[in-house]
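Look through the structure below before reading on.

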Amino acid sequence: PGLALRFQRGFLAARPLRSLPWPELEQSLRTAPDSALLADILDKTILHPLCVKYPPSAKYRRCFLTELIKKLESTAAEPLDELYEALADVLKEEESTHCYKNYLLPTGDCVSLCESTALICGGTTGLVTWEAALLLAHWALHNPSLFRDRTVLELGSGIGFTGIAICKTCQPRTFIFSDCHPRVLRQLGENICLNGFIPEPGLTWGSQTQSQGQQLEGEKCQNPKVVVAELDWGSVTEEQLQGLRADVVIAADVVYDPEIILALIGMLQKLSTSRADKKAPEVFIASTIRNPDTYQLFQAELDKAGITWQMIPAHSSCNLLYDVQPDVTILQLFM
């Protein structure tokens, strides 16, 4: 895509500023010092309707504009008043505790999320979108048939990026978002609504009866049924999991702590025996390998629990979504 569109994609999702195509911009301005290119970038970023409605953090926009102005001033191009006006506007803003990220999907859909500006806040890491969630969503977009017309359970949904992307593009019959942290669940519910889905009224365990499952069969899946469940891996029972009737289970960035790994594997074992038709769901877990020891522990514990696994090769056009770090992997588990 063109340079301005690459800036747009990265900027609207508030990707790290260093990952934006600054060198290409410098090169382009050296070849043809023209402020029209910068005006185009400004239109597609700061002035874009999505940015106006759901803005990235004030700090992010301030740094972005400062960098654009630096690039402009280092060339012989005409000054661009709009750039300075935009910066003046951002400088007047108070910094908020929340900001938005807008992810443009290759299908033309967009996922807008409200995130916390602090990385770890309220005692949880669930209020921001992690790299593995981007990779998992990207992989799902390339494998929609895995999800179409099926019931998908997502573990540790966080603020909802992967699930919302799948709901918008893969036509699942039912999508169950789950997490255990009350603040995360609240933010998750808000983000689901922000993207045009209405979660079913509170999931009470055991309410997903057989008949409900049958009645869903006949419905069209243009608009999946969306459920938000509070799910504690340690205390959830096999009966409760059976009520969810999950065909596919996905999770992103849930393998980051030895204690959590054991709870996750216990939960997966309950899941494997929970299907009424005794067919275990298909399970896909994406992880960013921050600590190789923790990741190896996960694989060792899977082996111990008799759960076989294979690594799914990363999709070659992965930068199609965002430049995701190379240390992100997806495992398929067989239970």
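**A walk through the model**

E115 and K101 are both buried. The side chains of E115 and K101 join in a salt bridge, with 3.0 Å from N to O. The model discussed here is a predicted one.

Side chains of opposite charge can pair when their charged atoms come close. How many salt bridges does the structure hold? The count is 12. One of them is formed by the side chains of R6 and E24, again with 3.0 Å from N to O. R150 sits in the loop between α7 (131-142) and β3 (151-155), while E282 is in strand β7 (residues 282-288); the two are 132 residues apart, and the pair links distant parts of the chain. Is R150 buried or exposed? With a relative accessibility of 17%, R150 counts as buried. E282 has a relative accessible area of 25%, which makes E282 partly exposed.

The cysteines come next. A disulfide is a covalent bond between the sulfur atoms of two cysteines. How many disulfides does the structure hold? The number is 0. For a disulfide, the two sulfur atoms would have to be within 2.5 Å. C167 is buried, because its relative accessible area is 4%. C180 counts as partly exposed, at 44% relative accessibility.

Now turn to the interior. Of the 335 residues of the protein, 51% count as buried. The protein has 13 helices and 9 strands. Its largest nonpolar core is made of 40 residues, and the ones with the most contacts inside this core are F147, F161, F177 and I250. Which helix gives the most to the core? That is α7, with 9 residues. A separate core has 32 residues, including L80, L83, V90 and L104.

Leaving out residues up to four places away in sequence, I250 touches L136, F147, V152, L153, E154, L155, T162, I166, F175 and F284. One of these, E154, lies in strand β3. E154 counts as buried because its relative accessibility is 2%. Besides I250, the contacts of E154 beyond four places in sequence include T162, G163, F175, I176, F177 and S178. Between E154 and I285 there are 131 residues of separation in sequence, yet their C-alpha atoms are 9.8 Å apart in space.

H181 is found in the loop between β4 (174-179) and α9 (182-194). Its relative accessible area is 21%, so H181 is partly exposed. G158 is 23 residues from H181 along the chain, and the C-alpha atoms of the two are separated by 8.8 Å.

The protein can also be described through totals. Among contacts between residues at least 6 apart in sequence, 74% join residues at least 24 apart. The protein exposes about 15400 Å², and carbon and sulfur atoms supply 53% of that area.

Last comes the confidence of the prediction. The average pLDDT of the protein is 87, and 84% of the residues score at least 70. Where does pLDDT stay under 50? This happens over residues 206-221, for which the model has 15 contacts beyond four places in sequence. Where pLDDT is low, the predicted coordinates should not be read in detail.

How values were computed. Residues numbered from 1 in each chain as written. Predicted model: local features only at pLDDT ≥ 70, side-chain atom pairs only at ≥ 80, totals over all residues. Heavy atoms only, no water. Buried < 20%, exposed > 50% of the residue type's maximum accessible area, 1.4 Å probe, protein only. Salt bridge = Lys/Arg side-chain N within 4 Å of Asp/Glu carboxyl O. Helix = DSSP H or I, 4+ residues; strand = E, 2+ residues; numbered from the N terminus. Core = buried A, V, L, I, M, F, W, Y, C linked by side-chain atoms within 4.5 Å. Contact = heavy atoms within 4.5 Å. Areas by Shrake-Rupley, 256 points an atom, 1.4 Å probe, with all protein chains shown as cover. pLDDT = per-residue confidence, 0-100.
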